[in-house]
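This briefing goes through helix packing, strand pairing and salt bridges in turn. Please keep the sequence and the structure to hand while reading.

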Amino acid sequence: YFEKQSLKAAFAISQADPTLDLNMQMTKLAHGMLSGKYSAPSQEGQEGIRPRMFKSVIAASHPEFSSMRQQDALEFYHHLIDKVEQANPGNHELNPCTGFKFIIEERVQCPSGKVSYNQHCDNFLTLSIPLHEATNKEQLEAFHEKKAAMDLDGKEVSKEEIVRPRVPLEACLASFSGGEEVPEFYSTALNSKTTAIKTTGLKTFPDYLVLQMRKFVMGEGWVPKKLDVYIDVPDIIDISHMRSNGVQPGEELLPEGASCGNKAEPARPVADEDIVSQLANIGFNYFACQKAAINTSNAGLEEAMNWLLSHTQDPDINEPISQDPMPAEDTIDEASLQTLVSFGFPEDVSRMALKASGGNIERATEWVFSHPEASSSVSADSSTNNVKDDDSHISDGSGRYKLMAFVSHMGTSTHCGHYVAHILKDGRWTIFNDNKVAASVDLPKDMGYLYFFQRISS
């Protein structure tokens, strides 16, 4: 939008109204921020760029981003990616989002010993934070004992005395690629549902790797809270060990059909009544509780609560779910299906997402991102490849990366706070805080929410 596009050229090819054209507004924003023409301080100080037109275009028709409520940086990141890709269909050379794309490969092994493989595209990794892997456990124990004693005396611990867990980024990456159980997995080898083991790796490594730290969890009383934790992030990381190489010699794939010759009947999403009743007892609408359980694949109470709290503003959240049989295949809007598939989502998962979201593309996209395990919890077709020919442009290369930027959330919960960005610019770290830009003296690298890495050329 800056190096490959001039303002004049962007204006010439824009729609009749350039104020409504995303590519035009992206080009305008890029030139405003990167050309240097607007970074000269005046007598009153540096004013900065106020991207009102860009916000208006990027947030148009979106129920959350068009409001002034507290937003999530990751949600905006993939909303921005989606909008840019929609504005540049098939134009991979001019689409800057291709540098973020990579292919995830999941390997599922059922008790029979046979395996299935599934691939899908993504543009970020969400990492859980294993607090039990903290490297300062002794200091934490001593702090908790001291805090407990002070609480008994009615005293408060000062901010300077607080000790936070320190978890290495390597432990977070290991939790992503480590094995996990997949309940209710239909094995075509056993012709029944069972519990399988899923491991995840990367088939390709992107030019730019985006990592999200899962810092927002449910606390006591089912109140969302932010983990007060430090992540030790090195300047250079090597994720070569996370590469997935597909079917290995000696592995036997799960058959494509059940042993009796009948394919497993597609399962209509059904809410776990235990999860629904527990949520309803807290005071939530019963139909909303059902949707929360279904949209998190009945993964558990905490996951359903997280989903519910982030969807309380949905206009249909309290409306009943249709009890009709699962819609026939032709009831899915093919245009919507192809749109989701063009984003890199598997076709079967896209169908499930559209059915679960009433055909709304944006909610369907969010549905897929909110529980990536859906691709392996459908039925087990053997070596399933959901990467389309259109994704052949996805780059691959070394697994070594250098940290180039990170976004931090300043605040105590999901309902309040402020985002700031730190960017490695011209060899030094710079903080971007709204319209304030300054050199970063004490880099808070361990407090990031989103981390951006750039591949190191071999």
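Helix 8 and helix 9 cross in a right-handed manner, where right-handed means that the near helix is turned clockwise from the far one by less than a right angle, and left-handed that it is turned anticlockwise. The model is a predicted one, in which local features need pLDDT of at least 70 and side-chain atom pairs count only at pLDDT 80 or more, while totals for chains, interfaces and linings use all residues. Residues are numbered from 1 along each chain as its sequence is written, and side-chain values use heavy atoms, with hydrogens and water left out. Helices (H or I, at least four residues) and strands (E, at least two) are DSSP runs, numbered from the N terminus.

**Helices packed against helix 9**

- Helix 8 (residues 286-295) packs with helix 9 at an angle of about 120 degrees, their axes being 8 Å apart; axes are lines fitted to C-alpha atoms, for helices over the stretch in contact, and angles run from 0 to 180 degrees between N-to-C directions.
- The two helices, helix 8 and helix 9, are therefore oblique to each other, given that angles under 35 degrees count as roughly parallel, over 145 as roughly antiparallel, 65 to 115 as roughly perpendicular and the rest as oblique.
- On the helix 8 side, Ala 288, Lys 291, Ala 292, Ala 293 and Asn 295 meet Ala 304, Trp 307 and Leu 308 of helix 9, contact meaning heavy atoms within 4.5 Å.
- By class, this contact of helix 8 with helix 9 holds six nonpolar, one polar and one charged residues, with Ala, Val, Leu, Ile, Met, Phe, Trp, Tyr, Cys and Pro counted as nonpolar, Asp, Glu, Lys and Arg as charged, and the others, Gly among them, as polar.
- Helix 7 (residues 273-282) also packs with helix 9 (residues 301-310), at an angle of about 55 degrees and with the axes 10 Å apart, which makes helix 7 oblique to helix 9.
- Helix 7 passes helix 9 in a right-handed crossing, and Ile 275, Gln 278, Leu 279 and Ile 282 of helix 7 meet Leu 301, Ala 304, Met 305 and Leu 308 of helix 9.
- The residues of the contact of helix 7 with helix 9 comprise seven nonpolar, one polar and no charged.

- Strand 13 (residues 400-413) runs antiparallel to strand 14, and seven bridges join them, two strands being paired if DSSP finds at least two bridges between them; Ser 408 has Val 420 in strand 14 as its bridge partner.
- Strand 14 (residues 416-425) is joined by five bridges to strand 15 (residues 428-433), to which it runs antiparallel, and Ala 421 has Phe 432 in strand 15 as its bridge partner.
- A hairpin is formed by strand 14 and strand 15 with two residues between them, and Asp 426 in the turn has a positive phi of about 55 degrees.
- Strand 15 is in turn joined by four bridges to strand 16 (residues 436-439), again running antiparallel, with Asn 433 having Lys 436 in strand 16 as its bridge partner.
- Strand 15 and strand 16 likewise form a hairpin with two residues between them, where Asp 434 in the turn has a positive phi of about 55 degrees.

**Salt bridges**

- A search of the whole structure finds 15 salt bridges, each a side-chain nitrogen of Lys or Arg within 4 Å of a carboxyl oxygen of Asp or Glu.
- Glu 105 forms a salt bridge with Lys 203, the closest N and O atoms being 3.9 Å apart.
- Glu 105 lies in strand 1 (residues 102-109) and Lys 203 in the loop between strand 6 (192-202) and strand 7 (208-213), so the pair ties together parts that are 98 residues apart in sequence.
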